[in-house]
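Take a look at the structure, then read on.

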Amino acid sequence: ENGRQAWLRYAPLPRGHSTPTLPSTILALNSSASSPVYTAGQELQKGIQGIFGKRLSVHATGKQASSAVVGTASQFQKLFGSNPVKDELIEDGFWLNVKGGTVQILGQNERGALYGAFEYLSMLAQGNFSNVEYATNPAAPIRWVNSWDNMDGSIERGFAGKSVFFAGGHVASNLTRVSEYARLLSSIRINAVVVNNVNANFTTVNAENIAGVARIADVFRPYGIQLGLSLDFATPMKLGNLSTYDPLDSEVIAYWNAVTQQIYDHIFDFAGYLVKADSEGTPGPLVYNRTLADGANLFARALQPFGGIVMYRAFVYNQLPDEGDWKADRANAAVDYFQPLDGQFDDNVIIQIKYGPIDFQVREPASPLFANLPNTSTAIELQVAQEYLGQQCHLVYLPPLWRTILDFDLRVDNQSSLVRNVVTGERFKRPLGGSAAVVNVGLNDTWLGSHLAMSNLYAYGRLAWDWTSDSEEILQDWTRLTFGLDKTVVDTITQMSMASWPAYENYSGNLGEQTLTDILYTHFGPNPQTLDNTPWGQWTRADHTGIGMDRTVSTGTGFSGQYPPEVAAMYEDVETTPDDLLLWFHHVNYTQKLKSAKTVIQHFYDAHYEGAETAQRFVQMWQSLKGKVDDERFEDVLFRQSFQAGHSIVWRDAVVNFYNNVSGIPDDAGRVGHHPFRIEGENMVLSGYRPYAVTPFEAASNAT
Ligand code: BDP
């Protein structure tokens with residue numbers, strides 16, 4: 001198996017499994033091929049045939065007894081004169097009623113009906129033949145995916161080959177993979193995809209490409225997925241030949257209105273725009289001394305008549321401090337920029353906020369911006385693409401990391417204010433809200449470059465629907481659907497995955513430091529020495545006596561003061577700051593004692609050895625599954641786990657040696673600095689190779 005079917009394989013159940021009473025026919029209450037209800041009927045047919053070898057016919061009318069009926073509640077009412085749905089359904093919600101072979105799958109809308117069909121099939125594929133009767137509704141209306149795909153077919157931070165959407169500056173001519181991707185996404189209840197990079201190319205909205213992305217939207221539509229686009233804020237100048245892109249200029253306003261009209265002419269259900277402005281060199285309203293709200297509202301007003309929304313990113317930190325300004329802190333930027341604008345954003349603007357204040361690091365506190373916008377809709381931005389987290393060459397199951405943020409209580413007005421209740425809109429009574437995950441699938445058959453990494457995509461969808469779902473249960477569902485029902489396989493993958501984020505944190509950056517990857521270019525592999533020497537603001541402030549960034553109000557950058565008082569007080573004090581974020585908030589000596597009674601430096605040493613050891617164990621654990629997983633996927637995963645095992649040692653040694661050098665403090669266990677089996681790259685000679693000056697030089701061994 002090559003992984004392309006991911007968790008939708010519909011593999012036959014293992015021998016010995018009984019066959020339940022199945023429906024004898026499928027009633028899909030819409031026969032139009034572009035409708036999600038039609039798709040649901042086809043999917044039920046395909047799934048039941050795959051799992052049980054029984055081919056059911058699909059009709060648009062007929063009797064409901066011993067049928068699987070799928071449609072909206074109102075379609076059902078029209079045909080059968082009654083509405084069996086007992087609970088309230090909101091947009092995209094569905095009702096599932098399974099009584100042996102009589103099955104009702106009724107959505108509030110067609111998309112919900114399709115989700116219900118996938119839910120029923122997921123039960124059958126896992127050998128769960130229970131009778132059930134329940135309604136389920138989404139936690140939030142925005143459950144999006146972002147793709148950082150460029151029009152030339154490359155993908156920024158993509159680790160699985162070229163784009164499924166674009167090639168050579170155009171929309172790809174063959175969209176088969178797009179349709180397969182849409183199917184996967186709809187099964188996890190994702191309802192929109194922004195298909196192009198946040199660092200957007202202005203050509204995205206030229207006439208040819210609008211017609212092109214309309215073809216993508218046509219492929220998405222039967223799966224209930226809407227299309228969104230990232231924009232280049234300076235498009236009016238670059239493409240429209242205007243002399244300005246000032247968001248308050250009437251010609252600029254007219255320009256964007258016209259572009260938006262043109263998009264809706266081609267894509268009537270267009271979802272909206274994603275905007276990265278004034279960020280890492282992208283143009284934006286600040287160029288004209290306009291506010292970020294002026295920038296966001298420009299698009300909001302163009303989209304409003306059509307029902308579209310603007311996801312405006314909070315990742316704005318262009319104004320990095322002057323050199324030597326020790327009080328400067330990139331972590332402060334989002335609240336500094338956005339909090340004063342709270343209440344000035346139009347209703348169809350959602351501020352899309354990365355989970356932590358810096359950038360997808362292995363451990364961050366929740367972004368304080370979630371606590372500072374009570375009058376604005378917000379969404380959390382997560383990253384399924386493991387940019388700083390091993391780029392799919394390391395197994396890192398992310399939901400436990402995400403939950404540290406989503407379950408965090410910000411205590412706004414001294415009341416319960418879990419991040420997840422802020423972003424769903426519940427806490428501040430906002431009509432919109434939700435999440436977006438940067439996914440970056442590519443043409444590789446495995447979608448993400450690694451079979452095991454797909455659990456993160458699956459889990460993202462499940463969590464976006466219900467943030468209280470259990471990370472481990474989600475993982476087990478995914479494993480059964482992906483690798484079958486063998487208990488050893490499920491248990492082993494569960495153990496490996498649940499241990500994986502703690503292991504990666506152990507051998508990369510500990511105690512709330514940054515991840516310690518190379519920060520200048522690749523974001524892959526250890527490079528702790530670059531961190532404090534770059535202008536990117538991802539500093540650890542390591543010197544020979546201590547480490548950590550003082551972000552307190554009393555003596556540091558003031559970042560802790562951006563949280564509501566109870567949380568601010570907790571982080572202000574070394575004593576009450578949890579160990580895992582100690583160095584995020586405080587600069588301490590290497591000999592500072594942690595709550596575990598270890599010193600900071602000994603914790604670094606021990607954690608790195610432990611983390612690398614865990615990664616070694618993954619290899620043996622995976623090897624124990626030989627014969628229980630098909631050979632193709634077995635070998636592929638084994639290759640990756642072996643790489644991770646080796647690379648975790650590179651990580652371990654690079655980081656412990658670095659801190660051993662800067663601190664001069666020995667390892668109590670005497671491990672650091674002893675590498676009896678290591679052969680330095682500089683001492684090796686390879687015949688047939690010639691020396692080459694590596695660019696960037698930091699990536700070369702022994703760089704000074
Ligand atoms: C950083 C990535 C960069 C993205 C940026 C963003 O390294 O490629 O463009 O985030 O999110 O993490 O805009």
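Thr695 sits in the segment that follows helix 19 (631–663); helices here are DSSP runs of H or I with at least four residues, strands are runs of E with at least two, and both are numbered from the N terminus. This is a predicted model, in which local features need pLDDT of at least 70 and side-chain atom pairs count only at pLDDT 80 or more, while totals for chains, interfaces and linings use all residues. Residues are numbered from 1 along each chain as its sequence is written, and side-chain values use heavy atoms, with hydrogens and water left out.

Is Thr695 buried or exposed? Its relative accessibility is 70%, so Thr695 counts as exposed (exposed is over 50%, buried under 20%, partly exposed in between, with a 1.4 Å probe and protein chains only). From Thr695 to Gly112 the C-alpha atoms are 50 Å apart, with a sequence separation of 583 residues.

Strand 7 (residues 142–146) gives another picture. Five of its five residues are buried, so strand 7 is largely enclosed by the rest of the structure. Ile142, Trp144 and Asn146 lie on one side and Arg143 and Val145 on the other, and all are buried. Two strands pair if DSSP finds at least two bridges between them. Strand 7 has parallel partners in strand 16 (residues 434–438), through five bridges, and in strand 10 (residues 192–194), through three bridges. Asn146 has Val438 as its bridge partner in strand 16 and stands opposite Val194 in strand 10.

Elsewhere, six strands form an open sheet with mixed pairing, in the order 2-1-3-5-4-6. Strand 2 (58–59) and strand 6 (132–136) are at the edges with a single partner strand each, so one side of each has no neighbour in the sheet. Strand 6 pairs with strand 4 (residues 94–99) in the antiparallel sense over five bridges, and Tyr134 of strand 6 is the bridge partner of Leu96.

Now to the ligand. Around it are 14 residues, of which Glu156, Lys276, Lys354, Asp359 and Glu387 come nearest (a residue is near if one of its heavy atoms lies within 4 Å). The table gives some polar contacts, meaning pairs of N or O atoms within 3.5 Å.

| Residue (side chain) | Ligand atom | Distance |
|---|---|---|
| Asn199 | oxygen | 3.0 Å |
| Lys276 | oxygen | 2.6 Å |
| Glu387 | oxygen | 2.5 Å |

Taken alone, the ligand exposes 320 Å², and the protein buries 96% of that (accessible areas come from the Shrake-Rupley method with a 1.4 Å probe).

Terms used:
A polar contact is a pair of N or O atoms within 3.5 Å; within protein, one must be able to donate a hydrogen and the other to accept it, and residues adjacent in sequence count only if both atoms are side-chain atoms.
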